[in-house]
Amino acid sequence: MSLQQEIVGNAMQMAVVSLQPGQTVYCEAGKFLFKTVNVTMETRLGGPSGGGGPQPQSGAGSGGMGGMLRQAMGTAMQVGQRALAGESLAFQYFTAQGGEGTVGFAGVLPGEMRALELDGTRAWFAEKDAFVAAESTVDFGIAFQGGRTGRKGGEGFVLEKFTGRGTVIIAGAGNFIDLDPSDFGGRIEVDTGCVVAFEEGIRYGVQRVGGLDRQGIMNAVFGGEGLSLATLEGSGRVILQSLTIESLANALKKAQGGDKQGPTGGLFSTDAG
């Protein structure tokens, strides 16, 4: 049973989901907007696991005490991963009862939303905080990039991972563009904050902007990109966003008279505070 959804709006979109009786969708805490009265809402620490259904809430069918212990340990590991990644610790589950129901969701920044269809053959990876909502048949996980990539790439260290079958809805900032690196010689280089999501099979990495020569230093100091660019290689779908959280934050600080970027941007940018 596929998820019936419609993405509406322009500057800040929202997803309106139509649920069939008994159908469940879950979202990250804070992404819910509205629902009809026949849709139940339940907040849980655990996400869908091992085949996509909501986790059982009692010992029934879970293998007695041993099953309950395994379930508790699995939930603790999920919560621990999300805590390390800076993600929300809980999910909200919505199920239609006694008829069709409607639920609305949105992201947290002005921008687009996108519904991705998973067929069970390829996972999708997304930037931190991109996840909005998904069918209960879609599993949500955290993927940690290698330490070297993470140290160099900032946002690239922690990724959200979606597996299973069904619909997952993501959100980003600004407008989206879909690219396939294979259409551009097999490799593209982008600002590390512009990557929204990509299919499994795309190789993600981070590289230094130029060498430690005059032009490399000029790029880092005056170019506004700092020292690193994200690299995406291979064949598959990539979604980029036109607005980065850092550029939005800098614009707001500047409008409030608190610009910390300095005259050069890039390498000499500083955090607020």
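**Aromatic pairs and a surface patch**

Across the whole structure, a search finds 12 aromatic pairs, a pair being two rings of Phe, Tyr or Trp (its six-membered ring) with centres within 6.5 Å, called stacked if the planes are under 30 degrees apart, edge-to-face if over 60 and tilted for the rest. The model is a predicted one, in which local features need pLDDT of at least 70 and side-chain atom pairs count only at pLDDT 80 or more, while totals for chains, interfaces and linings use all residues. Residues are numbered from 1 along each chain as its sequence is written, and side-chain values use heavy atoms, with hydrogens and water left out.

One of the pairs joins tyrosine 26 and tyrosine 93, which count as stacked because their ring centres are 5.5 Å apart and their planes lie at 25°. Tyrosine 26 belongs to strand β3 (residues 24–28) and tyrosine 93 to strand β6 (residues 91–96), so the pair ties together parts that are 67 residues apart in sequence; strands are DSSP runs (E, at least two residues), numbered from the N terminus. Tyrosine 26 is buried, at a relative accessible area of 0%, and tyrosine 93 is buried at 2%, where buried means under 20%, exposed over 50% and partly exposed in between (1.4 Å probe, protein chains only).

Both tyrosines also belong to one aromatic cluster, formed by Tyr26, Phe91, Tyr93, Phe131, Phe140 and Phe162. Over the face of tyrosine 93 lies arginine 44, at 4.1 Å from the ring centre; this arrangement requires NZ of Lys or CZ of Arg within 6 Å of the ring centre and within 35 degrees of the ring normal.

Elsewhere, phenylalanine 34 sits in strand β4 (residues 32–35) and, at 35% relative accessibility, counts as partly exposed.

Technical notes. Helices (H or I, at least four residues) and strands (E, at least two) are DSSP runs, numbered from the N terminus.
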